[in-house]
Amino acid sequence: MKRTSLLITVIIVLLVLVYLLYDKYYQKSTTDLHNLVPENASLVYENKKPSEAWNKLIESEIWGTLGQIPELNTFNTTLAGLDSMSGNKGLVANSVGNGILISVHKISNTQFDAVLYLDLSNIDNQKGIGKILDELQDSDKLTTSNRTYQNFKITEISENDRSGTFSYLIHDNLFIGSFTSFLIEDVVRLINSNYKNGFFSKNNSLVNMPKLSNDDGNVYIETDHFNGLINTFLEGGQDIMENFSRSMFYDLSVENNKVLFSGFTQTDEKDFLHTLLPQNPQKNNFQYYVSNKASHFYQIAFESSRAWHDRLKKYWQSADPRFLQDRIRFSTDHDYDFDNMFTWLGKGIGLVNLPSSSPTPHRLVIMDTRDITEAMNQLNRFSESLATVQNDSVYIEKFSGLTIRELKVGDFPMYTFGPLFTGFEETFYTSMDDFILFAESIQTIKELVSDIENENTLGRSVSYNKFDANTLQESNFKLVVNTSGLWGEMVKKVNPHWEPFFQENANSMRSLRYMSFDFSALDDSFYSSIAVQYEKPDFSPERKLFETDGLIAFNYPFITKPYVVKSHVDNSREVFLQDSANYVMLVSGSGEKLWQRKVDGPVVSDVQQVDYYANGKLQYFFTTERSMHIIDRLGNNVEEFPMTLDYTVKYASVIDYDKSKRYRFIVADERGNLYLYNKEGVNLEGWTPHRISGRLAFQPFHLRIRGRDVIVAIQNDGTVNVVNRRGENMPGFPVKVEGRFEGQAHVQPGADLSKTVITILSKEGRLIKFNLTGEVVSTNQLYRPTQESAFNLVVDALDKTYVIARQDLNRLVIMDRDKNELLSKDYLSDEELIVQYYNFSGSNQIYAVTDPVQGFTYIYNMEGNLISSRPIDSDQAVGLMYYESQRKYEIFAVTGNTFRRLSF
């Protein structure tokens with residue numbers, strides 16, 4: 001992607017050469033272009049009609065985004081300019097009428113380059129080239145020199161500003177050129193060796209593969225070198241495709257919003273893919289257990305799990321004998337026979353990677369079973385034997401009807417299925433339908449359960465299913481990449497040399513939404529397919545106004561933000577509000593008031609939904625200063641509610657320890673005293689109240705860590721209280737940290753209390769992390785430009801991560817958790833701004849900044865750019881929803897007595 005300024009020069013030179021050499025080299029070449037490609041090529045692109053393929057690409061919908069990449073746009077402008085200079089629109093097409101080859105090579109740890117191969121035997125467009133020559137006669141921008149290498153003359157053309165040099169040679173009426181001179185020398189050495197050990201001689205089976213005649217080109221890949229090419233983009237290098245396959249051939253087809261590759265993959269016994277021969281391809285339903293948040297997932301499918309296991313062991317013996325020895329040692333040390341698992345393993349396994357705020361992603365293994373009862377019996381016996389050896393009991397936790405158990409041994413999935421399945425320092429498992437799930441943390445399983453209940457999985461995504469229809473429905477190996485989920489993880493691994501390119505072209509690259517790589521056994525090779533789907537970018541680079549989908553005026557001004565809730569009738573979104581006359585109301589997504597009723601005062605807590613009767617119907621929990629309310633969707637009170645309280649409420653929230661719907665309600669008064677009520681409104685022992693020493697900084701919250709329930713309450717003065725369900729202080733608490741606190745806390749769940757880290761931020765900018773044993777893990781004073789500078793920790797709406805907001809009078813700065821500046825803006829008011837953060841995925845993040853004095857909310861994308869040219873009228877925090885299947889955002893906002901629903 002470098003030296004784009006030379007592109008037009010190089011193409012002009014090519015055409016000039018054709019003109020000058022036409023009389024001398026008009027005969028047909030006797031050398032095959034394929035013979036000239038050096039062995040170290042990572043991939044080779046071949047096209048008999050390159051001009052037609054290029055025109056098809058730029059006319060497709062996908063070009064609307066790819067064309068924004070400067071290098072590609074420059075190349076397209078160059079081609080158009082050449083035709084214009086010659087006065088003949090067919091010049092370029094005729095000049096490459098015999099087709100082209102392009103080979104791509106890794107040339108350093110951070111760079112790659114290409115070699116162009118062109119047959120000059122038959123050119124019939126001399127007049128157009130003559131016109132170009134006339135244009136060049138007065139040019140003083142080029143310098144040409146010649147040198148000899150192994151009896152071949154290599155010509156080098158440089159621009160006088162030394163922005164780059166293009167080298168080429170002519171051999172047997174064939175043109176070979178590159179921006180990297182030593183790649184031309186590789187071609188010379190190949191010629192002098194009588195074409196021994198070239199790319200196609202090494203991969204000769206690829207040339208004879210059946211090919212489509214009307215496609216958009218052919219792609220040949222040598223896997224080991226291609227792995228090296230990928231590593232030019234990654235810091236530290238990654239063996240992504242090491243020992244996966246030997247070579248690949250694909251026919252390329254560009255459709256309006258899709259790019260499809262179809263062909264064949266060759267393997268040998270040292271390749272992982274070879275273990276799946278001769279298994280018939282299978283179809284699995286793993287996508288229903290893969291969250292939409294997943295960055296990528298693998299699916300390995302087989303007809304016979306035992307036959308696959310036998311071939312796996314032979315593969316490890318050849319490709320990774322050390323791993324096989326470690327696996328045998330694991331089996332001996334823990335008295336576990338891996339063959340037993342493959343007796344009940346069904347038609348496939350899946351491996352899911354989920355983005356995480358920690359350095360490593362969360363991982364989940366999905367296993368199909370032939371006999372779920374036998375599977376759980378075997379795993380439970382192994383779990384019990386491990387605990388017995390360690391003089392411990394098996395850890396078991398109930399959650400949403402599931403039983404989650406622990407295998408007290410590290411990397412069990414890796415030793416079972418191979419190095420691809422690393423990342424399980426701890427292993428927890430459960431069964432769901434006919435599947436076994438392994439995860440590296442209990443939290444990963446819980447989040448999957450929530451995603452399944454909320455239909456937030458790939459199997460329920462309209463967008464994914466539309467894409468999946470273009471992939472192989474039955475395969476032996478599948479890799480699906482969700483660019484939206486992978487982007488944040490990927491940019492962390494990008495080589496610093498390539499960071500600017502990825503940042504500048506992030507929007508274009510993220511628009512390639514899904515990619516699928518499929519391999520299906522066919523005789524002694526694999527039929528292969530790669531599908532890439534384009535979707536329009538989330539944000540246009542041009543600012544525009546939000547679309548107003550509804551605007552309704554009510555009788556009284558609103559005093560709460562819009563609480564977005566879910567209708568149990570049709571899963572649509574509705575909005576819960578309160579006005580200044582103390583009417584609470586439910587408003588449909590379209591803005592229709594469904595009901596309203598008066599309560600005894602302003603709502604002081606968040607509004608949370610509960611399934612009070614455990615029948616799938618949802619109600620709304622909230623408190624006023626003197627009452628605790630639960631109201632159903634029709635506006636009616638639930639049983640014993642409202643419940644009058646004899647103190648003034650400051651905060652309240654709902655606790656569901658194990659998602660069994662046996663709710664508890666935690667309430668804090670204005671002095672900081674804590675009360676805990678059961679579902680029927682009975683104040684529980686130890687909470688009548690649980691007294692602490694001062695007012696709270698924000699609402700108390702519940703955590704369940706390794707089956708232990710704790711409630712965290714942090715005071716304004718920095719006193720941290722952590723108590724158990726009985727209201728007793730946990731060991732190490734209370735603990736005092738320095739600073740004044742308010743706002744939010746971020747929780748990073750861990751495997752136990754010591755590994756669970758809570759982050760808080762003082763108004764003065766002290767970023768403090770502590771664990772649940774009372775240990776302060778770190779303290780970091782952030783840069784504070786002025787005495788008036790005030791800080792807030794802003795946790796994203798899904799509680800996954802956080803950003804840091806610093807307000808310096810009327811300037812707001814938002815930083816990520818590594819203190820990198822994301823946004824810096826000036827506002828009209830110097831009063832405290834309301835900052836909201838929505839992290840839908842690594843490539844889809846929104847910041848909402850509300851100025852309640854001016855009555856405006858500004859919506860920014862993850863690059864810190866305004867999405868609309870004008871702010872939203874809003875004097876409260878907004879409600880924001882993202883609909884993944886529609887790639888659509890919906891905003892609910894109130895100002896005065898007006899309710900608005902907007903979209904973009």
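This is a predicted model: local features need pLDDT of at least 70, side-chain atom pairs count only at pLDDT 80 or more; totals for chains, interfaces and linings use all residues.
1. Start with His34. You'll find it in the loop that runs between helix H1 (7-21) and strand E1 (43-47). Its relative accessibility is 14%, so His34 counts as buried, the cut-off being under 20%. Leaving out residues up to four places away in sequence, His34 touches Glu46, Leu101, Phe200 and Tyr220.

2. Next, have a look at helix H11 (residues 305-319) and helix H12 (residues 321-333). They pack with their axes 5 Å apart, at an angle of about 125 degrees. That makes H11 and H12 oblique to each other. On the H11 side, the contact is made by His309, Lys313, Trp316, Gln317, Ser318 and Ala319; H12 brings in Pro321, Phe323, Leu324 and Arg327. Sorted by class, the contact of H11 with H12 has 5 nonpolar, 3 polar and 2 charged residues.

3. Then there's a sheet. It is an open one of 4 strands, in the order E26-E27-E28-E29, and the pairing is antiparallel. Strand E26 (608-610) and strand E29 (643-644) stand at the edges. Each has a single partner strand, so one side of each is left without a neighbour in the sheet.

4. Last, zoom in on the E29 end of that sheet. Strand E28 (residues 627-632) pairs with E29 over 2 bridges, in the antiparallel sense. If you want a residue pair to look at there, take Met628, whose bridge partner in E29 is Met643.

Conventions. Residues are numbered from 1 along each chain as its sequence is written. Side-chain values use heavy atoms; hydrogens and water are left out. Buried means under 20% relative accessible area, exposed over 50%, partly exposed in between (1.4 Å probe, protein chains only). Contact means heavy atoms within 4.5 Å. Axes are lines fitted to C-alpha atoms, for helices over the stretch in contact, and angles run from 0 to 180 degrees between N-to-C directions. Angles under 35 degrees count as roughly parallel, over 145 as roughly antiparallel, 65 to 115 as roughly perpendicular and the rest as oblique. Ala, Val, Leu, Ile, Met, Phe, Trp, Tyr, Cys and Pro count as nonpolar, Asp, Glu, Lys and Arg as charged, and the others, Gly among them, as polar. Two strands pair if DSSP finds at least two bridges between them.
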